[in-house]
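Please open the model in your viewer and keep the selection tool at hand. The tour below goes from one selection to the next and says what is to be found at each stop.

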Amino acid sequence: MRIDIATLFPELCEAVLSESIIGRARKSGKITVNCHQIRTYTESKHRCVDDVPYGGGMGMVMQAQPIYSCYQAVCETLPEKPHVIYLSPKGTTLTQKRAVELSQMPYIFLLCGHYEGVDQRVLDKIVDEEISIGDYVLTGGELPALVLTDAIARMCEGVLPSEECYQDESHFNGLLEYPHYTRPEIWEGEAIPPVLKSGHHKNIAAWRLEQSLAITKERRPEMYESYIAAHPPKEKRRKKR
């Protein structure tokens with residue numbers, strides 16, 4: 001998979017994407033992530049990428065030309081059109097399900113807005129979908145782009161040691177994750193749940209599911225109801241005499 005990020009702050013993005021699991025995956029070639037400075041593509045001799053909004057109002061608006069030129073330059077290096085996402089508080093809220101779907105796409109182009117936003121004409125021309133990471137507003141699209149890149153990349157083959165690394169995580173199967181424990185066995189007078197020392201994998205799996213159900217019911221009742229509707233309890237069959 002290849003992800004291209006168009007931004008006014010590529011150094012900010014690189015600082016995050018060069019570390020930890022994503023950084024190692026980039027170095028090993030499991031995924032490709034490129035950060036592009038939009039300002040490089042401006043035709044303005046003063047390297048301007050924004051201007052005052054038509055109709056008046058506070059702030060500045062990013063111009064269409066530098067963004068479109070950046071997009072075209074990236075497209076010239078790809079065998080097919082990338083899926084273009086604009087990170088915006090007006091977009092559809094990101095979910096784990098959508099992250100998994102996006103991880104199946106070979107090429108993704110992320111556009112990071114800034115200032116008061118982006119000229120609508122370039123959004124209409126190149127953007128396939130708008131995604132938000134929550135109902136709040138940030139200074140720019142860089143942090144949402146980093147969140148989305150991390151959520152997508154870790155689903156790609158080879159980035160994590162195995163699929164089991166994310167299949168039990170919160171939201172992947174429609175539930176919140178169960179509690180985790182490690183050494184020491186007793187800390188501050190609190191012992192770990194005995195079942196986790198039993199070595200009985202079936203009992204451990206049942207305990208973890210029970211915990212996930214309880215936590216989800218308490219903290220995200222709407223998720224719990226959706227999960228129960230999709231996984232109704234199995235009725236015990238009566239033994240024939």
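Begin with helix α2 and select Arg24 and Lys27, which are exposed (over 50% relative accessible area, where under 20% is buried and the range in between is partly exposed, with a 1.4 Å probe and protein chains only). This is a predicted model, in which local features need pLDDT of at least 70 and side-chain atom pairs count only at pLDDT 80 or more, while totals for chains, interfaces and linings use all residues. Residues are numbered from 1 along each chain as its sequence is written, and side-chain values use heavy atoms, with hydrogens and water left out.

Next, select Ile22, Gly23 and Ala25, the buried residues of α2, a helix that spans residues 20-28. They cover an arc of only 160° around the axis (taken from the directions from the helix axis to the C-beta atoms), and therefore lie on the same side of α2. Just after α2, select glycine 29, which takes a positive phi of about 85°.

Now move to the aromatic rings, of which the structure holds two pairs (centres within 6.5 Å; planes under 30 degrees apart are stacked, over 60 edge-to-face and the rest tilted). Select tyrosine 71 and phenylalanine 109, whose ring centres are 5.5 Å apart and whose planes stand at 85°, so the pair is edge-to-face. Tyrosine 71 belongs to helix α3 (residues 64-75) and phenylalanine 109 to strand β6 (residues 107-112), so the pair ties together parts that are 38 residues apart in sequence. Both tyrosine 71 and phenylalanine 109 are buried.

Technical notes:
Phe/Tyr/Trp six-rings, centres within 6.5 Å; stacked < 30°, edge-to-face > 60°. Helix = DSSP H or I, 4+ residues; strand = E, 2+ residues; numbered from the N terminus.
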